[in-house]
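Subject: Structure handover and notes

Dear colleague,

Here is the structure you asked to look at. My notes on it follow below.

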Amino acid sequence: MSLQEISTQAQAVIKEVGLFVKQQADQPKEISNKDLHDFVTTIDIESEKRLLKGLAPLIPEATFLAEESKNEAFGQGLQWIIDPIDGTTNFIHNVPAYAISVALYQEGAPQL
């Protein structure tokens, strides 16, 4: 699969998860602390699960560095780097300045 095809399919996954996040924005949120002033919601965790599930089949050999699960270290080869809700504090307070951040790196260099 070409990088352009991967990009197109990844964008579809990200947009689908974005719609999920948008639907949850006005709902009550379960919030926990990862660290002082570092919050995570159940929506962060669910969004990350959906991103991992949707992106994994695009490049089966790629690994993941995901903020909430921290399931891999920054590594060699192809690696998806994910922050499911970049700006969780804004999300918690319904300030519409947050995003889903996804990148694809290879050998430490950005590809997407």
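Which residue in β5 does I82 stand opposite? I82 faces V102 there. Please keep in mind throughout that this is a predicted model.

The sheet

That pair belongs to an open sheet of four strands, whose order is β3-β4-β5-β6 and whose pairing is mixed. The edge strands are β3 and β6 (109-110), each of which pairs on one side only.

Taking the strand pairs in order:

- Strand β3 (residues 63-66) runs parallel to β4, and four bridges connect them. T63 has Q79 as its bridge partner in β4, and F64 has W80 as its partner in that strand.
- β4 and strand β5 (residues 99-106) are antiparallel, with seven bridges between them. The I82 and V102 pair mentioned above sits here.
- β5 and β6 are also antiparallel, joined by two bridges. Q106 stands opposite A109 in β6.

Strand β4 (residues 78-86) is mostly covered, with seven of its nine residues buried.

Helix α1 (residues 3-24) and helix α2 (residues 42-55) have axes that come within 10 Å and cross at roughly 160 degrees. Because of that angle, α1 is roughly antiparallel to α2. The crossing is right-handed.

On the α1 side, the contact is made by A10, V13, I14, V17, F20, V21 and Q24. On the α2 side, the residues are I43, E46, S47, R50, L51, G54 and L55. Sorted by type, the residues of this contact are nine nonpolar, three polar and two charged.

Both helices also lie across the sheet strands. α1 lies across β4 and β5, and runs at about 155 degrees to β5. α2 lies across β3, β4 and β5, and runs at about 150 degrees to β4.

Individual residues

E48 lies in helix α2. Is E48 buried or exposed? With a relative accessibility of 4%, E48 counts as buried. Setting aside residues up to four places away in sequence, E48 touches A66, E67, E68, S69 and P84.

Two residues have a positive phi without being glycine. N94 has a phi near 60 degrees, and it is found in the loop between α3 (88-92) and β5. Its relative accessible area is 43%, so N94 is partly exposed. E107 has a phi of about 55 degrees and lies in the loop between β5 and β6. For context, most residues other than glycine have a negative phi.

M1 is in the segment before α1. Its relative accessible area of 58% makes M1 exposed. Leaving out neighbours within four places in sequence, M1 is in contact with I6, Q9 and L58. How far apart are M1 and I59 in space, C-alpha to C-alpha? The distance is 8.5 Å, although M1 and I59 are 58 residues apart in sequence.

Y105 is in strand β5. Its relative accessible area is 24%, so Y105 is partly exposed. Y105 and A56 are 49 residues apart in sequence and 14 Å apart in space, C-alpha to C-alpha.

To recap the main points: the model has an open sheet of four strands with mixed pairing, and helices α1 and α2 cross at roughly 160 degrees. Both lie across strands of that sheet, α1 across β4 and β5 and α2 across β3, β4 and β5.

Best regards

How values were computed:
Residues numbered from 1 in each chain as written. Predicted model: local features only at pLDDT ≥ 70, side-chain atom pairs only at ≥ 80, totals over all residues. Heavy atoms only, no water. Buried < 20%, exposed > 50% of the residue type's maximum accessible area, 1.4 Å probe, protein only. Pairing = 2+ DSSP bridges. Axes fitted to C-alpha atoms, helices over the stretch in contact; angles between N-to-C directions. Parallel < 35°, antiparallel > 145°, perpendicular 65-115°, else oblique. Left-handed = near helix turned anticlockwise from the far one by under 90°. Contact = heavy atoms within 4.5 Å. Nonpolar A, V, L, I, M, F, W, Y, C, P; charged D, E, K, R; others polar.
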